[in-house]
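Look at the fold before you read on. This short report walks through a few of its local features.

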Amino acid sequence: DHAVWDYPTTTMVFVGYNCQKGPCVSAALRRALDRAWDRTTVAVALYSRHAQEATLPLSPVHAGYDQTLAQRRDYSPQVFAQLLEEAGYAQGEDGLWYRGRQALSLTFVVNTDNTFRVSAAEYLAGELTRAGVQVELQKLSWAEYRQALASGAFDLYLGAAALTADFDLTPFLAAGGSLNPGGYQNADTLTLLAAWRAASGNVRQTAAQALW
């Protein structure tokens, strides 16, 4: 006999982007890709319901999680295609997405030390491929994975991190942050994050909505 107990934690599995070089420098492309991730299938099928899908970098059971916004930004192949067109891409007769004569091609890296994350990366890369995006999935050892992130030799990466109990996202959002290998920088985002962390009472909910 055995028993399985599930409980919410601050551990987040996520897709990260290279914001410094390559196609994902484009915020418009990143917005499109955000709609390509089938988080529900990953959580339900690949993690056997031992995970919860989240479109925001916050636990879905957290009081600050905006369910309405999360639903508006959730997985949608139709919206993904629409946003790709708005980002300047067009789908060719071969089903691939092009910007001019250049096909959209992405390098996606994952660490092989965790079989669940490898399965998730394989599924997500396959979904992108079926949607017309060329994806090179690189399954790397821990040392190779860290080197790829440090050198920027990726467009996408599958990562995992145990966030602090207050869900402080500074390591993801600050330049040089320990969880920001993609080099994301935006002063407005940091200002909104600081306002959310400092707020209390009803103001905290408003600050959360502004941040998300």
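Contact here means that heavy atoms lie within 4.5 Å. Helices (H or I, at least four residues) and strands (E, at least two) are DSSP runs, numbered from the N terminus. The model is predicted: local features need pLDDT of at least 70, side-chain atom pairs count only at pLDDT 80 or more, and totals for chains, interfaces and linings use all residues. Residues are numbered from 1 along each chain as its sequence is written, and side-chain values use heavy atoms, with hydrogens and water left out.

**Two packed helices**

Two packed helices are described by the angle between their axes and the distance between the axes. Axes are lines fitted to C-alpha atoms, for helices over the stretch in contact, and angles run from 0 to 180 degrees between N-to-C directions. Helix H1 (residues 27–34) packs with helix H4 (residues 77–86) at about 170 degrees, and their axes are 8 Å apart. H1 is therefore roughly antiparallel to H4 (the label for angles over 145 degrees). From H1, Leu29, Arg31, Ala32 and Leu33 meet Phe80, Leu83 and Leu84 of H4.

**Rings**

Rings of Phe, Tyr and Trp (its six-membered ring) pair if their centres lie within 6.5 Å; planes under 30 degrees apart count as stacked, over 60 as edge-to-face and the rest as tilted. The whole structure holds seven aromatic pairs. Phe14 and Tyr157 have ring centres 5.8 Å apart and planes at 85 degrees, so they pair edge-to-face. Phe14 is in strand S1 (residues 11–17) and Tyr157 in strand S7 (residues 156–162), 143 residues apart. Ring pairs join Phe14, Phe154, Tyr157 and Phe172 into a cluster.

**Buried or exposed**

Buried means under 20% relative accessible area, exposed over 50%, and partly exposed in between (1.4 Å probe, protein chains only). Phe14 and Tyr157 are both buried.

| Residue | Relative accessible area | Class |
|---|---|---|
| Arg39 | 13% | buried |
| Ser48 | 43% | partly exposed |
| Arg49 | 61% | exposed |

Arg39 belongs to helix H2 (residues 39–46). Which residues does Arg39 contact, leaving aside neighbours within four places in sequence? They are Asp34, Glu53, Ala54, Thr55, Arg73, Asp74 and Tyr75.

Ser48 lies in the loop between H2 and helix H3 (67–72). Arg49 lies in the loop between H2 and H3. Phi of Ser48 is near 50 degrees, a positive value in a residue other than glycine. For Arg49, phi is near 65 degrees, again positive in a residue other than glycine.

How values were computed
Parallel < 35°, antiparallel > 145°, perpendicular 65-115°, else oblique.
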